[in-house]
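I opened my notebook and picked a few things to look up in this protein. Here is the structure I worked from.

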Amino acid sequence: MGLFDNIKKQVSQGVGEVVGGGSKATTNKSETFTFTSLPESVEEMKTLPEASGDSPYKVAALTVCALCAYAANKDIGIEMLNFLKGPSPLSEYEKGFLRDRFMDNKYYIPFSYFEGSSPTNNYKPSEPYKVTVSSNPYSFQNEGYAKLFIKSSGADSAREVVLRKKESTGQWFLWEQMLLPDIRKPQEQDPWA
């Protein structure tokens, strides 16, 4: 039996079995969250309705807010991210990763996820701040986890946020975020603009 024979057999029986594999496929869904102002402390974040953690979409939206806070004040951002991570606070590796991503004056990256931001306006979002979090048919493929997507105005494809559900409370927490890869430079930093 060859290495790919099993896959070929599954494909011949129908793509649904290979891709779906018993997963909970859902349709595409988007939720937009509006913030009149961005939280400036973990206490302010806790007062927001999204802080209930009853939806992975809410936690993903708050992740953008926490990363914006990190850009302004590292310690406050870490407090907010630890709140969103719940029982699994940031590891030293994750803290180092955040430090690295914000080097070279890249404070603008998290702001690129809000409506109205663009490279030409140096990623200054419109107010009130609006962020849209989306899912696709495979977002809830792994039980207890959600892989959601947020579009950056400086990138061609949406970026991922993975959330994990704490079964005993039903709350969702930040598990992993991939929101900080490089994006197009803001006009003020682009020598070719």
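My entries follow, one topic at a time.

**Entry 1: overall layout**

I noted at the start that this is a predicted model. I then went through the secondary structure and found six helices and five strands. I wrote down their order from the N terminus: α-α-β-α-α-α-α-β-β-β-β. Next I looked at burial. Of the 193 residues in the protein, 39% are buried. I also checked how far apart in sequence the contacting residues are. Among contacts with a separation of 6 or more, 60% join residues 24 or more positions apart.

**Entry 2: the cysteines**

How many disulfides does the protein have? I found zero disulfides. I looked at Cys-65, and the nearest cysteine sulfur belongs to Cys-68, 6.5 Å away. A disulfide needs two cysteine sulfur atoms within 2.5 Å, so at 6.5 Å from the sulfur of Cys-65, Cys-68 is in no disulfide. Are these two cysteines buried or exposed? Cys-65 is buried, at a relative accessible area of 1%. Cys-68 is buried too, at 4% relative accessibility. The cut-off for buried is under 20%.

**Entry 3: the largest pocket**

I turned to empty space. I reminded myself that rolling a probe the size of a water molecule over the atoms shows where such space is left. The largest pocket has a volume of about 220 Å³. Its lining has 14 residues. Which of them lie nearest the centre? I listed Glu-94, Phe-97, Glu-176, Gln-177 and Met-178. By class, I recorded 10 nonpolar residues, one polar and three charged.

**Entry 4: the second largest pocket**

This pocket holds about 160 Å³ of space. Cys-65 and Cys-68 turned up again, as two of the lining residues. Others in the lining include Leu-38, Pro-39, Glu-40, Ile-76 and Phe-111. Which helix gives the largest share of the lining? It is α4 (residues 56–72), with four residues. The lining has eight nonpolar residues, one polar and one charged.

Ser-118 is buried, at 17% relative accessibility. Its side chain makes a polar contact of 2.9 Å with the side chain of Thr-120. Setting aside neighbours within four places in sequence, I found Ser-118 in contact with Tyr-123 and Ser-153.

**Entry 5: backbone angles in that loop**

Most residues other than glycine have a negative phi, and most peptide bonds are trans. I looked for exceptions. Tyr-123 is not a glycine, yet its phi is positive, about 60 degrees. Tyr-123 is in the loop between α6 and β2, and it is buried at 2% relative accessibility. Asn-105 also has a positive phi, near 60 degrees, and lies in the loop between α6 and β2. Is Asn-105 buried or partly exposed? At 47% relative accessibility, Asn-105 is partly exposed. Which residues does a cis peptide bond join? I found Glu-127 and Pro-128, with omega at about 0 degrees. Pro-128 is in the loop between α6 and β2.

Notes:
Residues numbered from 1 in each chain as written. Predicted model: local features only at pLDDT ≥ 70, side-chain atom pairs only at ≥ 80, totals over all residues. Heavy atoms only, no water. Buried < 20%, exposed > 50% of the residue type's maximum accessible area, 1.4 Å probe, protein only. 1 Å grid on protein atoms, 1.4 Å probe; cavity = no way out; pocket = protein on both sides within 12 Å on 5 of 7 lines; lining within 4 Å. Points joined across faces, edges and corners; volume = space filled by probe spheres on them. Nonpolar A, V, L, I, M, F, W, Y, C, P; charged D, E, K, R; others polar. Helix = DSSP H or I, 4+ residues; strand = E, 2+ residues; numbered from the N terminus. Polar contact = N/O pair within 3.5 Å; in protein donor to acceptor, adjacent residues only side chain to side chain. Contact = heavy atoms within 4.5 Å.
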